[in-house]
Amino acid sequence: MTIGDKAPEILGKDEQGREIRLSDYRGRKLVLYFYPKDNTSGCTSEACSLRDHYGELQSAGYEVVGVSKDTAASHQKFKAKHELPFPLIADVDHALLEAMGAWGEKTMYGKKVMGTIRTTFVISEEGVVEKMFSGKQIKTKEHASQILDAGA
């Protein structure tokens, strides 16, 4: 998935088992962010940055949806523990991760493994990828500011 591509209509099911569709966000920009794992330091920092600036993001016309390969039960605990106000898609079969190009080979502790590549897509009101942040570009503690600054 690259800038200018149309995002898929069906995004997946959230932590409550509700189907999340791109058309649910028509008329608003969607921050669709992919992260490796609930309750890890970087992923928690990123989620909390988006939570802490959620009002500013909404005022600027954005909605937020997080995605990882964790289960719905894991997402429910993560969301409750950190009071996250946005849905988290449980992409346990990595269908969306793969479709969006956020699943691939990476190095962990010196070994090559397949996993989630931290990636954020900003999707326009019409469902088209406008901006992308990936890997080391993402500053987890300042991610909401990165998104807001890029939209300015």
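## Glu63 and its partners

The side chain of Glu63 forms a polar contact of 3.2 Å with the side chain of Gln58. A second polar contact, of 3.1 Å, links the side chains of Glu63 and Tyr54. This is a predicted model, and the distances are computed from it.

Where does Glu63 lie? Its place is in strand β4, which covers residues 62–68. Is Glu63 buried or exposed? Its relative accessible area is 14%. The cut-off for buried is under 20%, so Glu63 counts as buried. Leaving out residues up to four places away in sequence, Glu63 touches Tyr25, Arg28, Lys29, Leu30, Val31, Tyr54 and Gln58.

## His143 in helix α5

His143 belongs to helix α5. Its relative accessible area is 0%, so His143 is buried. The side chain of His143 has a polar contact of 2.7 Å with the side chain of Thr120.

Which residues does His143 touch, not counting residues up to four places away in sequence? They are Glu46, Ser49, Leu50, Thr120, Phe133 and Ile138.

## Where α1 meets α5

Helix α1 spans residues 41–52, and helix α5 spans residues 143–151. Their axes are 7 Å apart and pack at an angle of about 55°. That angle makes α1 oblique to α5.

Which residues meet here? From α1 come Glu46, Ser49 and Leu50. From α5 come His143, Ala144 and Ile147. The contact is made of 3 nonpolar, 2 polar and 1 charged residues.

## Confidence in the model

How confident is the predictor? The mean pLDDT of the protein is 94. A value of 70 or more is reached by 99% of its residues.

Strand β5 (residues 88–90) has the highest mean pLDDT, 98. Strand β6 (residues 103–108) has the lowest, 86. Where pLDDT is low, predicted coordinates should not be read in detail.

Key:
Residues are numbered from 1 along each chain as its sequence is written. This is a predicted model: local features need pLDDT of at least 70, side-chain atom pairs count only at pLDDT 80 or more; totals for chains, interfaces and linings use all residues. Side-chain values use heavy atoms; hydrogens and water are left out. Axes are lines fitted to C-alpha atoms, for helices over the stretch in contact, and angles run from 0 to 180 degrees between N-to-C directions. Helices (H or I, at least four residues) and strands (E, at least two) are DSSP runs, numbered from the N terminus. Angles under 35 degrees count as roughly parallel, over 145 as roughly antiparallel, 65 to 115 as roughly perpendicular and the rest as oblique. Contact means heavy atoms within 4.5 Å. Ala, Val, Leu, Ile, Met, Phe, Trp, Tyr, Cys and Pro count as nonpolar, Asp, Glu, Lys and Arg as charged, and the others, Gly among them, as polar. Buried means under 20% relative accessible area, exposed over 50%, partly exposed in between (1.4 Å probe, protein chains only). A polar contact is a pair of N or O atoms within 3.5 Å; within protein, one must be able to donate a hydrogen and the other to accept it, and residues adjacent in sequence count only if both atoms are side-chain atoms. pLDDT is the predictor's confidence in each residue, from 0 to 100.
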